[in-house]
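Notebook open, coordinates loaded. I wanted to look up a few spots and jot down what turned up.

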Amino acid sequence: MSNTIIEINHLKKSFGENEVLKDINVKVNQGEVVTIIGSSGSGKSTLLRCINLLEKPTSGEIVYKGKNVLDADYSLSKYRTNLGMVFQSFNLFNNMNVLENCMTGQTTVLKRNKAEAKKIALENLEKVGMSRFVDARPSQLSGGQKQRVAIARALSMEPDVMLFDEPTSALDPEMVGEVLKTMDDLAHTGLTMIIVTHEMSFAKEVSDRVIFMDKGVIAEEGTPEDIFVNPKEERTKEFLHRVL
């Protein structure tokens with residue numbers, strides 16, 4: 001039996017006349033860390049937002065554990081609870097402290113009792129090095145700390161797959177390292193992760209597979225060595241020459 005957890009077939013996404021994703025095909029296996037790289041406007045974030053259906057694909061299939069989530073009778077709310085999402089801009093609830101931020105989804109969506117939700121939240125805050133900030137409000141935290149809380153909050157929902165949309169792009173340079181270290185630690189736990197990033201050295205170190213997107217298509221994909229050391233496509237070489 002295949003251990004493919006998400007399979008994307010012939011996915012397209014248009015905004016009006018503008019086709020942002022053109023016939024995307026990709027498989028993600030259980031426990032795999034996949035990074036998506038490419039220039040701004042290449043479709044990376046749109047692909048991620050289509051995977052968790054923040055954007056509705058124009059056509060194609062997203063198959064999760066063997067079922068197409070775009071079928072009319074598929075429960076989207078159930079699907080979404082299996083995906084953790086970490087955004088560029090943290091999206092924490094400012095009126096709640098750190099612990100409440102990590103509990104609220106568990107109690108409202110997963111219907112866990114408060115004691116269980118608190119236990120799981122504390123475990124995940126410990127994992128990301130934020131357990132001593134349980135009583136702090138988001139306004140009292142640095143950007144890097146907020147992002148680590150956002151990661152703990154997503155982990156507390158115990159998702160099958162974690163999606164990261166350029167999680168360091170809104171951070172000051174000195175805070176980028178702490179968030180990347182947290183993600184690097186997670187990558188070694190067997191969690192399935194799909195990461196849109198412009199941090200090339202991080203992509204090179206943590207990925208099982210790297211996808212290079214250009215102008216709405218997957219121009220090349222392979223191991224970090226394939227992409228960063230021996231890229232085949234001219235577009236990939238040009239991109240890496242610009243950013244490295």
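Looked up Asn52 first. I get 7% relative accessibility, so Asn52 goes down as buried, keeping in mind that this is a predicted model. I find Asn52 in the loop between helix H1 (44-51) and strand S4 (59-64). Skipping neighbours within four places in sequence, I listed the contacts of Asn52 as Tyr79, Arg80, Leu83, Met85 and Leu163.

Next, H3. My list of buried residues in helix H3 (98-108) reads Val98, Leu99, Asn101, Cys102, Met103, Gly105 and Gln106. I see them packing against helix H4 (114-127) and helix H5 (143-156). At the N-terminal end of H3 I noted Asn97 as the cap, with a side-chain oxygen 3.1 Å from the backbone nitrogen of Leu99.

Then H5. I count 13 of its 14 residues as buried. From first C-alpha to last, H5 reaches 20 Å, close to the 20 Å expected. Just past H5, I flagged Glu158 for a positive phi of about 50°.

Glu55 pairs with Arg49 at 3.5 Å between the closest N and O atoms. I have Glu55 as buried at 18% and Arg49 as partly exposed at 26%. Asp160 and Lys65 form another salt bridge, at 3.0 Å. Asp160 sits in the loop between H5 and strand S7 (161-165) and Lys65 in the loop between S4 and strand S5 (67-68), so I wrote this pair down as tying together parts 95 residues apart in sequence. In helix H6 (173-187), Lys181 and Asp185 are four residues apart, about one turn, and their side chains meet in a salt bridge at 2.9 Å. I also noted a network of salt bridges with shared partners joining Glu32, Arg209 and Glu221.

Technical notes:
Residues numbered from 1 in each chain as written. Predicted model: local features only at pLDDT ≥ 70, side-chain atom pairs only at ≥ 80, totals over all residues. Heavy atoms only, no water. Buried < 20%, exposed > 50% of the residue type's maximum accessible area, 1.4 Å probe, protein only. Helix = DSSP H or I, 4+ residues; strand = E, 2+ residues; numbered from the N terminus. Contact = heavy atoms within 4.5 Å. Polar contact = N/O pair within 3.5 Å; in protein donor to acceptor, adjacent residues only side chain to side chain. Expected span 1.5 Å × (residues − 1). Salt bridge = Lys/Arg side-chain N within 4 Å of Asp/Glu carboxyl O.
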